[in-house]
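Visitor: I would like to know what stands behind the labels on this model. Please take me through them.

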Amino acid sequence: MYRCPECRTRRRDYGLFTQHIRDTGHRLCICGGYHYAHRPGSPYCVSNPLSALLLADRYGATDKDLMRCARHIMQETPHAAAKVRELLTEWKLK
Ligand SMILES: [Zn+2]
Ligand SMILES: [Zn+2]
């Protein structure tokens, strides 16, 4: 069963699935952030600037490491800074 990450419809057949992707223009990403094709910009997707931070958390990084990682992301991608701060607040880090 193939699920479209964009609209979540399912296709039993890979041919029908790729046809759906073509017809609708729905997007797939296979960057390796997930073990499956996903929507670009999903939480662990490499194209999501926050993915490094979420991955670090998932692999048990310390608060100090998370902060260092967060600062790095804010430096590299200033437009994601607000989201990074949101996440830090949620995690009660600062
Ligand atoms: Zn779709
Ligand atoms: Zn991706």
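Guide: Start with a definition. Four donors count as tetrahedral if all angles lie between 85 and 135 degrees; four count as square planar and six as octahedral if opposite donors are over 155 degrees apart and all others between 65 and 115; anything else is irregular. This is a predicted model: local features need pLDDT of at least 70, side-chain atom pairs count only at pLDDT 80 or more, and totals for chains, interfaces and linings use all residues. Residues are numbered from 1 along each chain as its sequence is written, chains are lettered from A and ligands numbered from 1 in the order written, and side-chain values use heavy atoms, without hydrogens and water.

Visitor: Why is the site of the zinc ion (ligand 2) called tetrahedral?

Guide: Its four donor atoms make angles of 105 to 115°.

Visitor: Which residues coordinate the zinc ion (ligand 2)?

Guide: C29 (SG), C31 (SG), H38 (NE2) and C45 (SG), at 2.1 to 2.4 Å. A donor is an N, O or S atom within 2.8 Å of the metal (3.2 Å for Na, K and Ca); water is not among the atoms, so sites may look incomplete. Along the chain the spacing reads C-x1-C-x6-H-x6-C.

Visitor: Is C45 called buried or exposed, and why?

Guide: Buried means under 20% relative accessible area, exposed over 50%, partly exposed in between (1.4 Å probe, protein chains only). C45 has 0%, so it is buried. C31 has 35%, so C31 is partly exposed.

Visitor: What makes the arrangement around the zinc ion (ligand 1) tetrahedral?

Guide: The angles again: the four donor atoms subtend 103 to 114°. The donors are C4 (SG), C7 (SG), H20 (NE2) and H26 (ND1), at 2.0 to 2.3 Å. C4 lies in the loop between β1 (2-3) and β2 (10-11), and H20 in helix α1 (residues 14-24), 16 residues apart. C4 counts as buried because its relative accessibility is 0%. H20, at 8%, counts as buried too.

Visitor: How many helices and strands does the protein chain have?

Guide: Four helices and two strands. Helices (H or I, at least four residues) and strands (E, at least two) are DSSP runs, numbered from the N terminus. Their order is β-β-α-α-α-α.
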